[in-house]
Amino acid sequence: MCRVLRDMVTSSEGKGVAYLRQQMDSLRTFSPNISKVVCSETLVEGTRCLVVTPKNGHDNTTAVIYLHGGGYVMGSPETYKALVADICLAANCEVLVPDYRLAPEVTFPIPQDDCLQVAESYFSTRGDKKRVLVGDSAGGALVISTALALAEVGQKLDGAVLISPWVDPTAEGGSIDGNAEHDYLAGPFLHASIGALMRNQNLKDPRINFKDADLSGLPRTLVQFGSGELFNDQISCFVDRAKLQGVDIESQVYSDQCHVFQFFTAVSKTSRQAVEQIGHFIRSTAQAAGSS
């Protein structure tokens, strides 16, 4: 599956975002868990959101938002329905997936603003439920920026899950080059997508680049990534910096795995184990917050 995705990314070079989005939609991953959830739509602050709920009842004490990846230029709640269904069942909770706006139709910081507005509004209507943000790749970066922004106004979350987060869009060398043969991400795609979002704006802005950011406002956090992915080095550095700043952060590194390998639960035992760990973290975060 990793090879199929790599072929998709490399073959799309120079063909534009519309082609890449079409290719990603055609490769939507499948999970048998889709038949075990109910999907509906709602609007939150003008943003369309998918709501994924277990069919056979769920823990009603936790509110979870999933911010999807796609390099800020592609991806949608529908693209991520299988993975969200897996997480929804592993955590036994309802999950909201915002369809935030993408580049190049919009530029920075509109995706960040969309996610923050959805999180503020949605969590404010959840009463005393425990609040958790989950996201992958660019969505992982959006989780970080949203969590930090909420903490600044006294609304610190109860938990965050970062799956292969893109924490430093200026990173070069190291695993970006060393893992190029093992991952489906490609340097040209990363440069093109971040360029479409930023359009000559500051790539060191702390809302998108967390290399030197103040991370102390992050809640209890789980980070999962593969040792074979392009972002291995930058994620490892991010985890180390977060620990130095006093963040309660747990890092799970999966040997030889590629970027967001959790997509492949239908065919990979390792992917299923990782998703189970995400579910356990969300459940334990709610329990820890409830006993504090």
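I started with Tyr 72, and apart from neighbours within four places in sequence I found it in contact (heavy atoms within 4.5 Å) with Leu 102, Ala 103, Gln 112, Ala 138, Ala 141, Leu 142, Trp 166, Ile 194, Leu 197 and Ile 208.

Before going on, I noted that this is a predicted model, where local features need pLDDT of at least 70, side-chain atom pairs count only at pLDDT 80 or more, and totals for chains, interfaces and linings use all residues. I also noted that residues are numbered from 1 along each chain as its sequence is written, and that side-chain values use heavy atoms, with hydrogens and water left out.

**The core**

Which residues touch the most other members of the largest nonpolar core? I got Tyr 66, Tyr 72, Phe 123, Leu 215, Phe 238 and Ile 282, out of 96 residues in that core. Helix α5 (residues 138-152) supplies the largest share, eight residues. For my own record, a nonpolar core is a set of buried Ala, Val, Leu, Ile, Met, Phe, Trp, Tyr and Cys residues joined through side-chain atoms within 4.5 Å. Buried means under 20% relative accessible area, exposed means over 50%, and partly exposed is in between (1.4 Å probe, protein chains only). Helices (H or I, at least four residues) and strands (E, at least two) are DSSP runs, numbered from the N terminus.

**Helices α4 and α5**

Next I looked at how α4 and α5 meet. Two packed helices are described by the angle between their axes and the distance between the axes. Here the axes come within 9 Å and cross at roughly 55 degrees. The axes are lines fitted to C-alpha atoms, for helices over the stretch in contact, and angles run from 0 to 180 degrees between N-to-C directions. α4 and α5 are therefore oblique to each other. I checked the cut-offs: under 35 degrees is roughly parallel, over 145 roughly antiparallel, 65 to 115 roughly perpendicular, and the rest oblique. The crossing is right-handed, meaning the near helix is turned clockwise from the far one by less than a right angle, with anticlockwise being left-handed.

Who makes the contact? From α4 I listed Pro 111, Gln 112, Cys 115, Leu 116, Ala 119, Glu 120 and Phe 123, and from α5 Leu 142, Ser 145, Thr 146, Ala 149 and Leu 150. By class that is eight nonpolar, three polar and one charged residues. The classes run like this: Ala, Val, Leu, Ile, Met, Phe, Trp, Tyr, Cys and Pro are nonpolar, Asp, Glu, Lys and Arg are charged, and the others, Gly among them, are polar.

I clicked on Leu 150, which lies in α5 and counts as buried at 1% relative accessibility. Beyond four places in sequence, Leu 150 touches Leu 116, Ala 119, Glu 120, Phe 123, Gln 155, Lys 156 and Leu 157.

With residues up to four places away set aside, Gly 140 touches Gly 135, Leu 162 and Pro 165. I put its C-alpha 12 Å from that of Phe 238, 98 residues apart along the chain.

Asp 114 sits in α4 (residues 110-124). Buried or exposed, I wondered about Asp 114? Asp 114 is buried, at 5% relative accessible area. Its contacts beyond four places in sequence are Thr 47, Tyr 100 and Arg 101.

Most residues other than glycine have a negative phi, and most peptide bonds are trans.

Ala 103 and Pro 104 are joined by a cis peptide bond, with omega about 5 degrees. Phe 108 and Pro 109 are joined by a cis bond as well, with omega about 5 degrees. I found Pro 104 in the loop between β4 (95-98) and α4, and Pro 109 in the loop between β4 and α4.

Ser 164 has a positive phi, near 45 degrees. Ser 164 is in the loop between β6 (159-163) and α6 (175-178), and is buried at 0%.

Asp 256 is not a glycine but has a positive phi of about 65 degrees. Asp 256 lies in the loop between β8 (249-254) and α9 (269-291), and at 65% relative accessibility Asp 256 counts as exposed.
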